[in-house]
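Thank you all for coming.

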Amino acid sequence: MKNIDDKKAEFLKAYDHLSEPLFRRFWYKLSDKERAQDLLQETFTKAWQYIVEGKKVRNLKSFLYAIANHMIIDEYRKSRSVSLDELTESGFDKALEGGHQSILDDVELNKIVITIEKLPQKYKEIIKMRYIDGLELVEISEIIGESENVVSVRINRGTKKLQKMLHL
Amino acid sequence: MKDNDIKKILERLKKETAGGSSLFRPEDKERIKNNIYSFMTAHEITEEKKKFYEIFGLDKFVAMLNINKFKMISTAAVAVLCVGVGVSYAAKDALPDESLYALKRNINEGVRELLAISPKQEARLHVELASERINETERLASRGVIPEGTAARLKADFKRHAYVVDSRVSQLKSDDKQELALEVTSKFESSLKAHESVLADFEDENIVVEIIESVETQISAAEDSRADAESEIKAKARQDKKAAKTKMRYADSKIDEVSDLIKKFTDKIGVEYILATEARLDKAEVTYRTAKERYDNEIYSDAFIFFEMAGSQAVEAGIYLETKKQLSVKDKSDNGSGDTATTTPITPTLPDVNQDINATTTATTTSSTSSTETATSTIGSGDPEVITAE
């Protein structure tokens, strides 16, 4: 059984690994550097709070990603008064299609980003982790708890679906 | 545009968003890390809190046992009414290429369809039967090649069950039973997502890919349907504290059930499946926390919806793990290392606490689950898509 110091060390190590990809995700979604940094910090403090309260975390990285996604949902809810279906993951992504202030100048890239949001959930999340958060296959595999092979297959299938949706 | 062009665009996107990293300077990273460390120091883990949590968890476990006891009594009552228990029981795990399959479909499932009278009962039953068709596909795929005709019939039957679910959910919605509609669509969605992940292991088979595509289509439909029900519930602020609390207990029990399953199957199944289940369960627990925050802030409709979502995410984790366990046991059996008793599939459905006819539960109650499938008559003879005796 891990002692408290081990848990702390593991937690800070997770920060070292995930702070950059999570910052990119927050920044990409919110187009606000300061807010992205606030939410990043809040993600980790919230996670630690859960642990302190006795929550048994099985997969820390996956847990942190889940919290980060909920933080974004909450952020949109506060700032844009979206309806509840937009609070759910799929609904939230739909909200992005119409209202997202893109950080990207390139028209072609914007089109891709909007279309990624329309992919089925299992492809969408992995494609975003790979091409927006900049994670490696092995890191995605750890977060979603699937093998690298499954991650690789889904990226390929997701890319093909994306191509089809874009009529390329 | 060629295939590799989209990959180039995606790589360009990756490079572009990587530009965001320049806004996250090393000094920012270090500053936030220090803040987090300070927070951690100010909020230390204490043994007292840990013990309290464990006691709380035990209380929930005891509560869950009582619920399961009720389920088992209901199940036994249904079983007593049935005849031909032995043969029906033997047929419950039959696959399309086996002689007892016609009995399973026409008798076991037939009588259950007859007993399901209300839209709610029908919807719940067909969620389960749709899952069973996918599970049969998984079991056949794990054995090797699925005959083309069999795959086509399984796909057609899956679509028929999905159609019944959709139509009964529409009926529930038009009767303004949004909560029931939400419950059914959430359950369907979680079952489909769990099976979709399992099927992904067999996607080298073209026949399986076709079934995966049908499942994906149905997932999208279920997601839309769920979002509609959520909007209705939210718009009318329909739920009070009591209803939200009931859903909280439901989510609690599902999370506990899956935690127990993980403990039970650890060291008995590939570690990758345990990790994948844990990742799903973590997601459910985070959603649960969100729901609890809404509940504490007295936003009960939101809380109701998020508790439902947390429960469904836990159900998805449970179905995924049970199915993986079922298939891995089967693999061992095929290799000659297991006896037939160990190959008994675990029903991949984790119904809610109120489920009546389909009063099934997790692997620990497999035998009681099976008894609900016994039956005495046929059904679906007028439906051209129903698999008939072979």
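This is a predicted model: local features need pLDDT of at least 70, side-chain atom pairs count only at pLDDT 80 or more; totals for chains, interfaces and linings use all residues.

**The interface and the helices behind it**

In this model, 58 residues of chain A are in contact with 58 residues of chain B, where contact means that two C-beta atoms, placed from the backbone, lie within 7 Å. The elements of chain A that give two or more residues to this side are helices H1 (4–30), H2 (33–52), H3 (60–80), H4 (89–99), H5 (107–116), H6 (121–131) and H8 (148–165); helices here are DSSP runs of H or I with at least four residues, strands are runs of E with at least two, and both are numbered from the N terminus. By class, that side of chain A holds 28 nonpolar, 18 polar and 12 charged residues, with Ala, Val, Leu, Ile, Met, Phe, Trp, Tyr, Cys and Pro counted as nonpolar, Asp, Glu, Lys and Arg as charged, and the others, Gly among them, as polar.

Residues are numbered from 1 along each chain as its sequence is written, and chains are lettered from A and ligands numbered from 1 in the order in which they are written.

Turning to the chains, chain A has 8 helices and 0 strands, and chain B has 13 helices and 0 strands. Buried residues, those with 20 or more other C-beta atoms within 10 Å of their own C-beta, again placed from the backbone, make up 45% of the 168 residues in chain A and 49% of the 390 residues in chain B.

How do H1(A) and helix H2 (residues 26–42) of chain B pack? Their axes, which are lines fitted to C-alpha atoms over the stretch in contact, with angles from 0 to 180 degrees between N-to-C directions, are 11 Å apart at an angle of about 155°. H1(A) is therefore roughly antiparallel to H2(B), a term for angles over 145 degrees. The contact is made by A:Lys8, A:Leu12, A:Tyr15 and A:Ser19 of H1(A), and by residues of H2(B) including B:Ile32, B:Ile36 and B:Met40.

Within chain B, the axes of helix H6 (residues 119–143) and helix H8 (residues 178–199) come within 10 Å and cross at roughly 0°, so H6(B) and H8(B) are roughly parallel to each other, that is, under 35 degrees. The residues of this contact divide into 8 nonpolar, 3 polar and 4 charged.

Definitions and conventions: Angles under 35 degrees count as roughly parallel, over 145 as roughly antiparallel, 65 to 115 as roughly perpendicular and the rest as oblique. A residue is buried if 20 or more other C-beta atoms lie within 10 Å of its own, exposed if 12 or fewer, and partly exposed in between; C-beta atoms are placed from the backbone.
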